[in-house]
Amino acid sequence: MKTTPTDNLPSLPPAVRSQRADAQRNVERLTAAAREAFAAHGSNASLDDIARVAGVGAGTLYRHFPTRLALFEAVYRDSVERLCVDGERLAATELPAQALLEWLRGFVTVISQKRGLAAALSEEGRTSELFAHCHAMINATGDKLLVRAKEAGAMRDDVELGDVLRMAKAFALVAETAPEGSALAERLLGLSMDGLRPRDARESVTS
C-alpha cells in the first residue's frame, strides 16, 4: 500500500493553529477549575461557576464537555496523568525513598478526589474502562518508584506495590473523617514507610 509522506502535507494556517491552541488552553483552565470546584463542593458543584472561574462562557464549557459526566472523567484522568508525570519527575530528582513517599502523598490526594467522583461515574456505568486505564498508569509509575527504592536498599524486597497502594487508600479514607484531615494521612504514610525499610536500614537511622 502506498503511503503519503507527511512532509508533503500542507501546514495548518496560523489562524487555525491559534484556534486550536486557544481551545486547548480553555480545556486546561476548565479542568483545573472543575478539579478545585469538585474538591470543595462535591460532584454537584455549579458548572456555571466552573466556567466563570476558568474565565470562559458556559457555551465554551459545554462545547468541550457536553455533560457533567464528561467533566468528571476529564478531571479524574487529568489528576492521574499529573500524578504519573510527577512520579517521573520525582524519580529523576529525589532519592528513591523520598521519591516514593512524595508520590504516595500525591496518590492519597488523587484517591480523595476520586472518592468524590466515583459514585457519579459508577451511576453512568463508566468506571470500568476509565478506572482500568488509570489504574494501569498508576501501577506502572508506582512500580518504577518502588523497584528503584528496593534497589537502593530503602525498601524491603518483599514489599508489593498493591499492598502499599491499599495502605495509602486506607490512610486517605481515615483522613477524610479525622479532624487533622490530610495531615493525618501524611503522618501515617511517613510512619508506614519507615516500617517498610529493611531492618538494617531502620537500625542505622535510629542509631
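Predicted model: local features only at pLDDT ≥ 70, side-chain atom pairs only at ≥ 80, totals over all residues.

Trainee: Which residues line the largest pocket?

Mentor: The lining consists of R105, V108, T109, S112, A172, A175, E176, G181, S182, A185, E186 and L189. About 190 Å³ of space lies in this pocket.

Trainee: How much space lies in the second largest pocket, and which residues line the second largest pocket?

Mentor: About 150 Å³ of space lies there. The lining is made up of R35, S79, R82, L83, D86, G106, T109, V110 and Q113. Two or more residues of this lining come from helix 4 and likewise from helix 5. By kind, the lining residues divide into 2 nonpolar, 4 polar and 3 charged.

Trainee: How should I read a salt bridge?

Mentor: The general idea is that side chains of opposite charge can pair when their charged atoms come close. The cut-off used here is a distance within 4 Å between a side-chain nitrogen of Lys or Arg and a carboxyl oxygen of Asp or Glu. By this rule, the count in the model comes to 11 salt bridges.

Trainee: Which parts of the chain does the pair R35 and D78 link?

Mentor: R35 lies in helix 1 and D78 in helix 4 (residues 68-93), and this pair links distant parts of the chain, 43 residues apart. Their side chains meet in a salt bridge of 2.6 Å, N to O.

Trainee: Is D78 buried or exposed?

Mentor: The cut-off for buried is under 20% relative accessible area. D78 has 17% relative accessibility, so D78 counts as buried. R35 is buried as well.

Trainee: Which residues are linked with D78 in a network of salt bridges?

Mentor: R35 and R82 are linked with D78 in that network. The side chains of D78 and R82 meet at 2.8 Å, N to O. These two residues are separated by about one helical turn, because they are 4 residues apart in helix 4.

Trainee: How far apart are E28 and D78 in sequence and in space?

Mentor: E28 and D78 are 50 residues apart in sequence, and their C-alpha atoms are 9.2 Å apart in space. E28 has its place in helix 1 (residues 14-41). With a relative accessible area of 46%, E28 is partly exposed.

Trainee: Where do the side chains of R166 and D163 meet, and how exposed are these residues?

Mentor: The two side chains meet in a salt bridge of 2.8 Å, N to O. R166 and D163 are 3 residues apart in helix 7 (residues 161-177), so about one helical turn separates them. R166 is exposed, with a relative accessible area of 52%, whereas D163, at 41%, is partly exposed.

Trainee: Where is confidence lowest in the chain, and where is confidence highest?

Mentor: Confidence is lowest in helix 9 (residues 199-206), with a mean of 53, and highest in helix 2 (residues 47-54), at 95. For the chain, the mean pLDDT is 84, and 81% of the residues reach 70 or more. Over residues 203-207, pLDDT stays under 50, and the model has 0 contacts beyond four places in sequence for them.

Terms used. Residues numbered from 1 in each chain as written. Heavy atoms only, no water. Buried < 20%, exposed > 50% of the residue type's maximum accessible area, 1.4 Å probe, protein only. 1 Å grid on protein atoms, 1.4 Å probe; cavity = no way out; pocket = protein on both sides within 12 Å on 5 of 7 lines; lining within 4 Å. Points joined across faces, edges and corners; volume = space filled by probe spheres on them. Nonpolar A, V, L, I, M, F, W, Y, C, P; charged D, E, K, R; others polar. pLDDT = per-residue confidence, 0-100. Contact = heavy atoms within 4.5 Å.
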